[in-house]
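Please keep the viewer open as you read.

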Amino acid sequence: MPTPSLAALPIRRLTPRDLTACADLSEERGWPREEHKWGFLLTAGKGYGIDDPAGGLVSACVVTQYGPQDRPDLAAVGMVLVAERHARQGIGRRLMQHVISAMGTTPLTLHATPYGQPLYEELGFKVTGRAEMLLGHFRPGVAEPSVATRAATAEDLSAILRLDEEVFGADRTHIITRLPAFVDQLRVAEAQGRIIGYAGAWPNMATQVVGPMIARDTATAKALIASLAAHTARPLRTDIDVRHEELLAWAKEHGLASVTFNSVMTSGISELPGDWTRRFAPLTVAAG
């Protein structure tokens, strides 16, 4: 039997049953397997992929939608991967074109590496911001932020959901309600009995990823990071909007180092909705 051409291979929806194949594809491309993250994204979002007749996946990506289910306000595209043996043959472009067509008029966003940015620009995405990835063991300072923080409880969920939608600019209920099962820590910041911020820390290989992180101001963001760091021995990793210059400088003073920069890109909108001044870190760059 002749091997079918790559262009003839169908694109299908992925499910949580494809988690191992997705992790294998990540590892084949030199990425961490990130099975915990793949499981979350395939459950909370829509996966798309192309099966390899020889086994495994030729390509994969995940789309996470926000807002009403029948008419999303925003969708984030992430984890766009093509197997090394099939790279530079137009597979990534074809998969992205399929996603763009499937999402119709829904505005799209993604975090692009320097390697992937040219393709996304050709597909109509525009750079609207940048995020800096930080990694390292957090070192507490002498004068820690004075904002009060504590572990979140089930009773905090409604307040967290209200704050998150106000700041993010779209309803993320299906994401936020999954956080207690996904993160190792979920903490809130309070002032005068009111929740003014929250943040999670979840396991990703040998690190703890800080995100999502919503905070009233930089002092609140600092307090949340410090409180999360105090409850783990693992190095922290996070992706912070470069406009939060004070927080980035503070994090570097406390042991985190810059790893890389990604471009925040959008299609169908000129900038992301919500209030960027209170949006400090995404759950993961794959989910926007």
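This is a predicted model: local features need pLDDT of at least 70, side-chain atom pairs count only at pLDDT 80 or more; totals for chains, interfaces and linings use all residues.

The points below go from the whole chain down to single residues.

1. **Overall build.** The protein chain has 9 helices and 13 strands. Its C-alpha atoms fill a box of roughly 70 × 35 × 35 Å along the principal axes. The radius of gyration is 19 Å, which agrees with the value near 19 Å for a compact globule of 288 residues.

2. Of the 288 residues, 52% are buried. The chain exposes about 13,000 Å². Carbon and sulfur atoms supply 53% of that area.

3. **Contacts along the chain.** Residues 24 or more positions apart account for 72% of them.

4. **Charges.** There are 29 positive and 31 negative charges in the protein chain. How far apart are their mean positions? The answer is 2 Å.

5. **Strand 12 and its partners.** Start at strand 12, residues 257-267. Strand 5 (residues 108-112) runs antiparallel to strand 12, and 5 bridges join them. Here H111 stands opposite V264. Strand 6 (residues 126-136) also pairs with strand 12 in the antiparallel sense, over 9 bridges. In that pairing, R130 has S263 as its bridge partner. In a regular strand, side chains alternate between the two faces of the sheet.

6. **A286.** Look in the segment after strand 13 (279-281); A286 is there. Is A286 buried or exposed? A286 counts as buried because its relative accessible area is 5%, and the cut-off for buried is under 20%. Beyond its neighbours within four places in sequence, A286 is in contact with L41, A76, V77, G78 and M79. S270 is 16 residues away along the chain, and its C-alpha atom is 20 Å from that of A286.

7. **M79.** One of the contacts of A286 is M79. M79 belongs to strand 4 (residues 74-82). M79 is buried too, with a relative accessible area of 7%. Its phi is positive, at about 55°, although M79 is not a glycine.

8. **Other backbone points to check.** Most residues other than glycine have a negative phi, and most peptide bonds are trans. M205 has a positive phi of about 55° and is not a glycine. M205 lies in the loop between strand 9 (194-204) and strand 10. Which peptide bond is cis? The bond from G211 to P212 is cis, with omega near -5°. P212 sits in strand 10 (residues 207-215).

Conventions: Residues are numbered from 1 along each chain as its sequence is written. Side-chain values use heavy atoms; hydrogens and water are left out. Helices (H or I, at least four residues) and strands (E, at least two) are DSSP runs, numbered from the N terminus. The radius of gyration is taken over C-alpha atoms; the globule rule is 2.2 Å times the number of residues to the power 0.38. Buried means under 20% relative accessible area, exposed over 50%, partly exposed in between (1.4 Å probe, protein chains only). Contact means heavy atoms within 4.5 Å. Accessible areas come from the Shrake-Rupley method with a 1.4 Å probe; for residues, only the protein chains shown count as cover. Lys and Arg count as positive and Asp and Glu as negative; His and the chain ends are not counted. The place of a charge is taken as NZ of Lys, CZ of Arg, CG of Asp or CD of Glu. Two strands pair if DSSP finds at least two bridges between them.
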